[in-house]
Amino acid sequence: MPAKHTMVQYENQQLVQLVLDGDTQAFNDLVERHQSRAYNLCLRMLGDADAAADVAQDAFISAYKHLPSLRGEFRPWLMRIVANGCRDVLRSKKRRPSVSLDLERDDDDTPAMQIADTSDGPEAALMKSELQKTIAGALAEIPDDQREVIILSDIQGLSYQEIADMTGINIGTVKSRLNRARSRLRELLMAAELLPRVRRHTVESNT
Amino acid sequence: MKTKNAVTIQDIEQLSALLDGDLSPANAAAMRQRMLADEALQDTFSELALTQDAMRTMPTLKPPRSLRIDPQRLHQARGWRWWLISPPAGQLFPTLGVAMSLCFCLLFGAVAMQPVETHLLKGAAVTSPSTQAASADSVLLIASDTTPLAGSPWAWLGVVAGAGVLGGTARWSWQIRGRKRTSKR
């Protein structure tokens, strides 16, 4: 069995070349390197852990199939395939996630939620955890196109330009979708009476 | 004294842009001035900031299973693009492509450069004895039918297409070589 390529040793492009030279192990190293980001994008888009894993894996297979036609960087190209896969699933199923993913997780290997830094104090940590759960649920209430943009921007940390490249829409549309998504999310969190509490807590802890 | 006006969708757009650092310095300063005087704007901004902060600190979850793919499945997923780059086609294709493009250029170039009259004579020479016996007018008519490509736009089009294929193949080969050089560095 071929040796596993360490993360430090190889850059993405080097691994891609190894794959093109016939090393399938190198492709699985790329999978390991990017699976978390791909899975989390699918998860937030679809709201279903199993479906997210399936779509992410299908996206990797599709990436392998089209790897010889790759031009440019691997990661944005892969994430574009992943986002397209999610869009296809949403389009075909025409359904919205109805249950917050974080509530239905039951695997013991990973923590149910990364609780806030303990230096925040137990109350702040609890509030943050509650806020994150509510956000996971609220994301399901946002239209697909807006959800995609806000996930890419505020969770995945991509720039407007990267989002535009990935989704194939112009920057103006990215901005307007992001505004609408943030506005809607704010309304949902306000309705859950979470934001006033968090804000009050922030003000109190700052004074 | 602070006021509390209704926040419009345009205000939210501006606040969102301010949050992302996407406002020009002048517009950002103007918005900050407005926020100092308007409590509702200030509240909305802090709510948007808190929402964004909560989004940014959303946990990164591990996939329920490893997404690694069985090598056998990967081999099955290979499409025609893989055939083009895999041995033996992958090794032969660039060389064959260049050679074929050159032949294409030479062939069509030769036909294109040839004067029309030569073709006409050749056309007359290959005609049957009965045709030779015919009048000069009919010989020329038959000859012109047998040399459709000589000096025609189609031949030049062939030269241009051949040059295009040649250029494309050379660029493609160069890209592959370049990518290999980059990955080995």
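**Reading the helices of chain A**

Read along the sequence, chain A of this predicted model follows the pattern α-α-α-α-α-α-α-α-α-α, with 10 helices and zero strands, helices (H or I, at least four residues) and strands (E, at least two) being DSSP runs numbered from the N terminus. Residues are numbered from 1 along each chain as its sequence is written, and chains are lettered from A and ligands numbered from 1 in the order written. Because the model is predicted, local features need pLDDT of at least 70 and side-chain atom pairs count only at pLDDT 80 or more, while totals for chains, interfaces and linings use all residues.

Biologist: What span should helix 4 of chain A have, and how far apart are its end C-alpha atoms?

Modeller: The expected span is 1.5 Å times one less than the number of residues. Helix 4 (residues 74-93) of chain A has 20 residues and should therefore span 28 Å, which agrees with its end C-alpha atoms being 29 Å apart.

Biologist: Which residues of helix 4 of chain A are buried?

Modeller: A residue is buried if 20 or more other C-beta atoms, placed from the backbone, lie within 10 Å of its own. In helix 4 of chain A the buried residues include Trp77(A), Leu78(A), Ile81(A) and Cys86(A).

Biologist: At what angle do helix 1 and helix 2 of chain A pack?

Modeller: Two packed helices are described by the angle between their axes and the distance between the axes. Helix 1 (residues 12-20) and helix 2 of chain A pack at about 145°, with axes 7 Å apart, where axes are lines fitted to C-alpha atoms over the stretch in contact and angles run from 0 to 180 degrees between N-to-C directions.

Methods:
A residue is buried if 20 or more other C-beta atoms lie within 10 Å of its own, exposed if 12 or fewer, and partly exposed in between; C-beta atoms are placed from the backbone.
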